[in-house]
Amino acid sequence: MEQQHLRDFNSTGFQIDLVNWFLENQRDLPWRESKDAYRVWVSEIMLQQTRVETVIPYYQAFMREFPTAEALAEAEEDRILKAWEGLGYYSRVRNLQTAVREVVEKYNGVVPDTREEISTLKGVGPYTAGAILSIAYGKPEPAVDGNVMRVLSRIFIIEEDIAKPATRKIFEKILYELVSKENPSAFNQGLMELGALICTPTSPGCLLCPVREHCRANQKGVQAELPIKSKKKKQTSKQMAAVVVRNEKNEVLIEKRPETGLLARLWQVPNIETNIGDNQEEILSKMMLEDFDVSIKVGGQIQQVEHVFSHLIWNINVYEAVVTGKASAETATRKWVKTSEIEQYAFPVSHQKIIQQSVLAAMREEV
């Protein structure tokens, strides 16, 4: 059945114009050097919620360390977290490793080439499945992300809210018919590239657009009003206090975050949520005694860190302290670490800032 949006639409002309433009104008990106399905997969997971410019060095380093599915499957979790450090959304890389292990065990290291099989892998949603199948295997499968929804909402004047999951189905149905059967890889990448470079969220570059003559929004002059997207909920703000604790050997105390939840299993310096107006030095001293069995003398605030998540803002006041009694014993989730070795551990971005300014800076001053 013909899609209503494609009625009186020059699908062939659109495909040719988009594919030709992409082949001539595509950016030189490291994950485009190979059609290997594992490499395409890693890049697509990295590119979720992260800018291309940020991903490039991470991707190159990750591929040097884990060049094959087997290498990633066999790696210790601490190594993959360290390689991912700074990209955020750490569940992405944990799910990737879980799925890659399944590929190695069940499919002899070859990423499945059917939507039915690939969609069963952990962390592989409809978009990632479509991207891998079309880019690596040349299958005419839709790959609908935010860029693609924005482009198609303008091409066809689709006024449904793209923040709603049900809206994605509209675009997938269109793409099943519209995707180029001759070159689905270049077609899907072309849509993504168009959204990234020309059909941008604000001030789309319509004069440079290779498919402008096919764009209904441009013809009606409503491209700036699309797509329609409801606003996210306001972020909540949390006051935090963190402490850089040193023992008599000048080692720093770090702990591993819980097994589940936000930033699970990453390392951090001890910290606690507080209220505005609280005596944070007193709260930290009490926490260290009760939770860590360590008596400390807090020396004062040395740093302020703000870290913004999609749903949350951490405002962290950082203090330094020295142990006044016996240092607590190490456990599986608690370590005393030499300053020179602290960068071997994977920290969330907020605590990387603490380590860089309040731990490593002190070491550099001593040298």
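Visitor: Which residues lie nearest the centre of the second largest pocket?
Guide: Gly88, Tyr89, Leu262, Leu263 and Phe309 do, out of a lining of 18 residues. Keep in mind that this is a predicted model.

Visitor: And how much space lies in there?
Guide: The second largest pocket holds about 370 Å³.

Visitor: Which helix and which strand each supply at least two residues of that lining?
Guide: Those are α6 and β5. By residue type, the lining of the second largest pocket splits into 9 nonpolar, 6 polar and 3 charged.

Visitor: You mentioned β5. What does it pair with?
Guide: Strand β5 (residues 296-308) runs antiparallel to strand β6 (residues 312-323), with 11 bridges joining them. The link from β5 to β6 is a hairpin of 3 residues.

Visitor: Is Leu81 buried or exposed?
Guide: Buried, because its relative accessible area is 1%, and the cut-off for buried is under 20%. Leu81 belongs to helix α5 (residues 77-84). Beyond its neighbours within four places in sequence, Leu81 has contacts that include Tyr90, Val93, Arg94, Arg265 and Leu266.

Visitor: What about Arg265, who does its side chain meet?
Guide: Glu77 again: the side chains of Glu77 and Arg265 form a salt bridge at 2.7 Å, N to O. Arg265 lies in the loop between β2 (252-256) and β3 (267-268), so here the parts tied together are 188 residues apart in sequence. Salt bridges with shared partners put Glu77, Arg94, Glu259 and Arg265 into one network.

Visitor: Which of them count as buried, and which as partly exposed?
Guide: Arg94 is buried at 12% relative accessible area, and Arg265 is buried at 19%. Glu77 counts as partly exposed, at 23% relative accessibility.

Visitor: How many salt bridges does the count come to?
Guide: The count comes to 12. Another one of them joins the side chains of Glu193 and Arg27, at 2.9 Å, N to O. That pair links distant parts of the chain, 166 residues apart: Glu193 is in helix α11, and Arg27 is in the loop between α1 and α2.

Visitor: How accessible are those two?
Guide: Glu193 is buried at 1%, whereas Arg27 is partly exposed at 23%. Leaving aside neighbours within four places in sequence, the contacts of Glu193 include Trp21, Phe22, Gln26 and Arg32.

Visitor: New topic. What's the volume of the largest pocket, and where does the largest share of its lining come from?
Guide: The volume is about 1600 Å³, and the largest share of the lining comes from α11, with 6 residues. The lining has 49 residues, and Leu47, Gln49, Asp145, Gly146 and Asn147 lie nearest the centre. They divide into 21 nonpolar, 14 polar and 14 charged.

Definitions and conventions: Residues are numbered from 1 along each chain as its sequence is written. This is a predicted model: local features need pLDDT of at least 70, side-chain atom pairs count only at pLDDT 80 or more; totals for chains, interfaces and linings use all residues. Side-chain values use heavy atoms; hydrogens and water are left out. Contact means heavy atoms within 4.5 Å. Two strands pair if DSSP finds at least two bridges between them. Helices (H or I, at least four residues) and strands (E, at least two) are DSSP runs, numbered from the N terminus. On a 1 Å grid over the protein atoms alone, a cavity is a set of points where a 1.4 Å probe fits but cannot get out, and a pocket is an open set with protein on both sides within 12 Å along at least five of seven lines; lining residues have an atom within 4 Å of a point. Grid points are joined across faces, edges and corners, and a volume is the space filled by probe spheres set on the points. Ala, Val, Leu, Ile, Met, Phe, Trp, Tyr, Cys and Pro count as nonpolar, Asp, Glu, Lys and Arg as charged, and the others, Gly among them, as polar. Buried means under 20% relative accessible area, exposed over 50%, partly exposed in between (1.4 Å probe, protein chains only). A salt bridge is a side-chain nitrogen of Lys or Arg within 4 Å of a carboxyl oxygen of Asp or Glu.
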